[in-house]
Amino acid sequence: MASLLDTSKPRINCSMLSQHIGRGVCFVGRVEKVHPTGKTFSVSDGEGKSATVELNEPLEEELSGIVEVIGMVSSKGVITTTTYNILREDKGIPFDLELYNEALKVIHDFPQYYPFEVAASG
């Protein structure tokens, strides 16, 4: 069986979490608050809504700014992450979460042009 990192995942925002329970997803948001234990943090999407991200191991680095999280959505709407990437905002060009959110809407409104689900062969 392929791992979560080896399969395609839909990009989602907070309003789409309930539609992806038990599935792998990719979520991009701004870090709002890191729990003192370092095992969870909250992120906000381009609509200003918040989601909780749960880690298997405590953070070993400071986490701030924009992050891309890859993980599974639990029945409580928490993203249990497999991995995350910090998206650096270099050269003074900030990441536009609102514009990213608009792109997500287009992707999900026209799935025939932006397919995420790849049929398993065999």
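Student: How far is the sulfur of Cys-26 from the closest cysteine sulfur, and which residue holds that one?
Tutor: This is a predicted model. In it, the closest cysteine sulfur to that of Cys-26 belongs to Cys-14, 13 Å away, which is too far for a bond.

Student: How many disulfides turn up in the whole structure?
Tutor: The search finds 0. Cys-14 is in none, and the nearest cysteine sulfur to its own is that of Cys-26.

Student: Cys-14 and Cys-26: buried or exposed?
Tutor: Cys-14 counts as buried because its relative accessibility is 11%. Cys-26 also counts as buried, at 5%.

Student: Changing topic. Which strands does S4 pair with, and in what sense?
Tutor: S4 pairs with S3 (residues 40-44) in the antiparallel sense, over 5 bridges. With S6 (residues 79-87) the sense is parallel, over 2 bridges.

Student: Which residues stand opposite each other there?
Tutor: Thr-40 has Glu-54 in S4 as its bridge partner. On the S6 side, Val-53 is opposite Ile-79.

Student: Which S4 residues are on the covered face?
Tutor: Ala-51 and Val-53. The uncovered face has Ser-50, Thr-52 and Glu-54. In a regular strand, side chains alternate between the two sheet faces.

Student: And where is Glu-62?
Tutor: Glu-62 is in the loop between S4 and S5 (66-73). With a relative accessible area of 70%, Glu-62 is exposed.

How values were computed:
Residues are numbered from 1 along each chain as its sequence is written. This is a predicted model: local features need pLDDT of at least 70, side-chain atom pairs count only at pLDDT 80 or more; totals for chains, interfaces and linings use all residues. Side-chain values use heavy atoms; hydrogens and water are left out. A disulfide is a pair of cysteine sulfur atoms within 2.5 Å. Buried means under 20% relative accessible area, exposed over 50%, partly exposed in between (1.4 Å probe, protein chains only). Helices (H or I, at least four residues) and strands (E, at least two) are DSSP runs, numbered from the N terminus. Two strands pair if DSSP finds at least two bridges between them.
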